[in-house]
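Morning, everyone. I have one structure to walk through today. Please look at the sequence and the model on the screen.

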Amino acid sequence: MDIEQLRHYCLNKKATTEVFPFDDSTLVFKVLGKMFVIAPLDKWDKGEASITIKCDPEYTIALRERYASIYPGPYVSNRHWNTVAIHKGELKPQFILELIDHSYDMVVKGMTKKQRDILSGY
């Protein structure tokens, strides 16, 4: 998976935008203004592609126990976010996309009814 494939996949989700809220090298994908994927582009440029994604707390732990390529993310709640080291090659691309879907779904689940209603209009 390269960064353009990641961008394409994320931007095809309902109400998704891409922003650089922290610095010029940290790409963030948001659904209705709420983050669901963080991609440090400087690491991608160095061949160390990774993303940080939201995750159900129990699933977070299970994933970390099962995969060496999934671990607590920097600068985020380690209870709700995991970093996925794509560059290690341990995880199949389809599984990474499923993890992105899970992140998106977790963010949507946490939205208010009004926000979910707005999202259903897209």
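One caution before the rest. This is a predicted model. Keep that in mind for every number I quote.

Start with the fold. The protein chain has five helices and six strands. Along the sequence, the pattern runs α-β-β-β-α-β-α-β-β-α-α.

Now the overall dimensions. The C-alpha atoms fill a box of roughly 40 × 30 × 25 Å along the principal axes. Does the radius of gyration agree or disagree with a compact globule? It agrees, because a compact globule of 122 residues would come out near 14 Å, and the protein chain has 14 Å. As for burial, 42% of the 122 residues count as buried.

Next, the pocket. How much volume does the largest pocket have? About 370 Å³. Its lining is made up of 16 residues. Nearest the centre are Thr26, Ile38, Pro40, Pro74 and Tyr75.

Which elements build that lining? Strand S3, residues 34–40, helix H2, residues 41–45, and strand S4, residues 50–54, each give at least two residues. S3 gives the largest share, with three residues. By class, the lining splits into eight nonpolar, five polar and three charged residues.

Buried or exposed? Tyr75 counts as exposed, because its relative accessibility is 86%. So here is a residue that is exposed and also among those nearest the pocket centre. Its backbone stands out too. Phi of Tyr75 is near 70°, a positive value in a residue that is not glycine. Most residues other than glycine have a negative phi.

Leu32 also has a positive phi, about 50°, and is not a glycine either. Leu32 is in the loop between S2 and S3. With a relative accessible area of 25%, Leu32 is partly exposed.

On to the rings. How many aromatic pairs does the structure hold? Two. Take Phe36 and Tyr104 to begin with. They are edge-to-face, 5.2 Å centre to centre, with 85° between the planes. The pair bridges distant parts of the chain: Phe36 is in strand S3, Tyr104 is in helix H4, residues 93–109, and they are 68 residues apart. Both Phe36 and Tyr104 are buried.

The other pair is Tyr67 and Phe95. This one is tilted, at 5.3 Å centre to centre and 40° between the planes. It also links distant parts of the chain, 28 residues apart. Tyr67 is in the loop between helix H3, residues 57–66, and strand S5, residues 70–72, while Phe95 is in helix H4. Tyr67 counts as buried because its relative accessibility is 16%, under the 20% cut-off. Phe95 counts as buried as well, at 17%.

The charged end of Lys13 sits over the Tyr104 ring, 5.0 Å from the ring centre.

Last part: some distances between C-alpha atoms. Ser25 is in the loop between S1 and S2, and is partly exposed at 23% relative accessibility. Ser25 and Leu41 are 16 residues apart along the chain, and 5.1 Å separates their C-alpha atoms.

Pro21 is in that loop between strand S1, residues 16–19, and strand S2, residues 26–31. With a relative accessible area of 41%, Pro21 is partly exposed. From Pro21 to Pro57 there are 36 residues in sequence, and 25 Å in space between the C-alpha atoms.

Then Glu58, in helix H3. Glu58 is exposed, with a relative accessible area of 67%. Its C-alpha atom is 9.0 Å from that of His80, 22 residues away along the chain.

That is the tour. Questions are welcome.

Methods:
Residues are numbered from 1 along each chain as its sequence is written. This is a predicted model: local features need pLDDT of at least 70, side-chain atom pairs count only at pLDDT 80 or more; totals for chains, interfaces and linings use all residues. Side-chain values use heavy atoms; hydrogens and water are left out. On a 1 Å grid over the protein atoms alone, a cavity is a set of points where a 1.4 Å probe fits but cannot get out, and a pocket is an open set with protein on both sides within 12 Å along at least five of seven lines; lining residues have an atom within 4 Å of a point. Grid points are joined across faces, edges and corners, and a volume is the space filled by probe spheres set on the points. Helices (H or I, at least four residues) and strands (E, at least two) are DSSP runs, numbered from the N terminus. Ala, Val, Leu, Ile, Met, Phe, Trp, Tyr, Cys and Pro count as nonpolar, Asp, Glu, Lys and Arg as charged, and the others, Gly among them, as polar. Rings of Phe, Tyr and Trp (its six-membered ring) pair if their centres lie within 6.5 Å; planes under 30 degrees apart count as stacked, over 60 as edge-to-face and the rest as tilted. Buried means under 20% relative accessible area, exposed over 50%, partly exposed in between (1.4 Å probe, protein chains only). A charge sits over a ring if NZ of Lys or CZ of Arg is within 6 Å of the ring centre and within 35 degrees of the ring normal. The radius of gyration is taken over C-alpha atoms; the globule rule is 2.2 Å times the number of residues to the power 0.38.
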